[in-house]
Amino acid sequence: MIRIRFLGTAAARPTVSRNVSAIAVQREGESFLWDCGEGTQRQIMRFGTGFSFAHIFITHAHADHFLGLPGLLRTMSLQGREEGMSIYGPAGTEPVLRAAVRLGVERLGFPVEVKGLAPGERVDFGDWAVHAFRADHGVASLGYALVEEARPGRFDVETARKLGIPEGPLFGRLHRGEAIEVDGRVVAPDEVVGPPRRGRKVVYTGDTRPTAEAIVMSMRADLLIHEATFGSGEEKRARETRHATAAEAASVAARAKVRDLVLTHLSARYAEAPARLEKEACAVFPGARVARDGLEVEIGYRE
């Protein structure tokens, strides 16, 4: 199961009910953060996600997306953490992120490595990876996508039995793509294993105007998390500040044929009454939702 927990959903500054940007991602026992706005460590405690993150991916070096790093790292150090951590950000932002790591912290009890990523690069984790893609925000900015590799097709147990294959290790070898021999006959994997099944994909745009890159990366994603700082009537403001409106975010989702759309990064004027943004998005992409702090989204396999 992939679990997405929204730790902060406000744009620029916190409000009474919303903290600034941070999203916790948990996949099959592994976890990481997308962005780390100020106060993220308290949101982690509030919503019970735990502090076991080994990787943090920062979309860009605006304070509401990375200024939570000093407090979070200090909290982890005071808890006795010893495991290392990697922090990623757009190439060129490494000096700012390293300064944030050192800010107000005399000594950490664990190593922290800061790495710059360029659009098109990826960080691999075995059978899945986090891909970086270009965002349009007026500064060096990235969006990120969790992308799983394709899974083996379904194993047809009944067909395997009819072919005289004994249950046990031979089933596993066939499912892994190996041919086997039974009673002098070679059995190929495709005789008992269906076509590969697509892995899951979750995309987070960070702060951005709608872009072709976001559409391509989000194509048929299980979940698109897109910023929606503004509502209708503020398109000019959105263009000037390199943000998106709710309707523009929904258009990206519709063009990419995603399964689910959740909007985040709300301007303070909508923070306490987000229904307008949700309505505007749903007119373009039915079923769109506006995130709230603490919202959890679970993503299983489609088949």
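**Close-up views of the predicted model**

**View A. Lining of the largest pocket.** By class, four nonpolar, seven polar and five charged residues make up the lining of the largest pocket. The structure shown here and in the views below is a predicted model. The 16 lining residues include Ala-11, Ala-12, Thr-229, His-243 and His-265, which lie nearest the centre of the pocket. Two or more lining residues come from each of helix H8 (235–241) and helix H10 (268–271). The space in this largest pocket amounts to about 210 Å³.

**View B. Strand E8 and its antiparallel partners, E7 and E9.** Strand E8 spans residues 128–134 and is mostly covered, with six of its seven residues buried. Strand E7 (residues 122–124) runs antiparallel to E8 and is joined to it by three bridges. Within this pairing, Val-123 stands opposite Val-130 of E8. E7 and E8 form a hairpin in which three residues separate the strands. Gly-126, in the turn of that hairpin, has a positive phi of about 85°. Strand E9 (residues 142–148) is also antiparallel to E8, and seven bridges join these two strands. Here Arg-134 stands opposite Leu-142 in E9.

**View C. The aromatic pair of Phe-155 and Phe-171.** The structure holds eight aromatic pairs. One of them, formed by Phe-155 and Phe-171, is tilted, at 4.8 Å centre to centre with 40° between the planes. Phe-155 lies in the loop between E9 and helix H5 (157–162), and Phe-171 belongs to helix H6 (residues 169–175), so the pair ties together parts that are 16 residues apart in sequence. Phe-155 counts as buried because its relative accessibility is 18%, and buried means under 20% relative accessible area. Phe-171, with a relative accessible area of 13%, is buried as well.

**View D. A cluster of aromatic rings linked by ring pairs.** The cluster consists of Phe-32, Trp-34, Phe-57, Tyr-88, Phe-125, Trp-128, Tyr-144 and Tyr-204.

**View E. Arginine residues placed over aromatic rings.** Arg-81 lies over the face of Phe-110, at 5.2 Å from the ring centre.

Note on methods:
Residues are numbered from 1 along each chain as its sequence is written. This is a predicted model: local features need pLDDT of at least 70, side-chain atom pairs count only at pLDDT 80 or more; totals for chains, interfaces and linings use all residues. Side-chain values use heavy atoms; hydrogens and water are left out. On a 1 Å grid over the protein atoms alone, a cavity is a set of points where a 1.4 Å probe fits but cannot get out, and a pocket is an open set with protein on both sides within 12 Å along at least five of seven lines; lining residues have an atom within 4 Å of a point. Grid points are joined across faces, edges and corners, and a volume is the space filled by probe spheres set on the points. Helices (H or I, at least four residues) and strands (E, at least two) are DSSP runs, numbered from the N terminus. Ala, Val, Leu, Ile, Met, Phe, Trp, Tyr, Cys and Pro count as nonpolar, Asp, Glu, Lys and Arg as charged, and the others, Gly among them, as polar. Buried means under 20% relative accessible area, exposed over 50%, partly exposed in between (1.4 Å probe, protein chains only). Two strands pair if DSSP finds at least two bridges between them. Rings of Phe, Tyr and Trp (its six-membered ring) pair if their centres lie within 6.5 Å; planes under 30 degrees apart count as stacked, over 60 as edge-to-face and the rest as tilted. A charge sits over a ring if NZ of Lys or CZ of Arg is within 6 Å of the ring centre and within 35 degrees of the ring normal.
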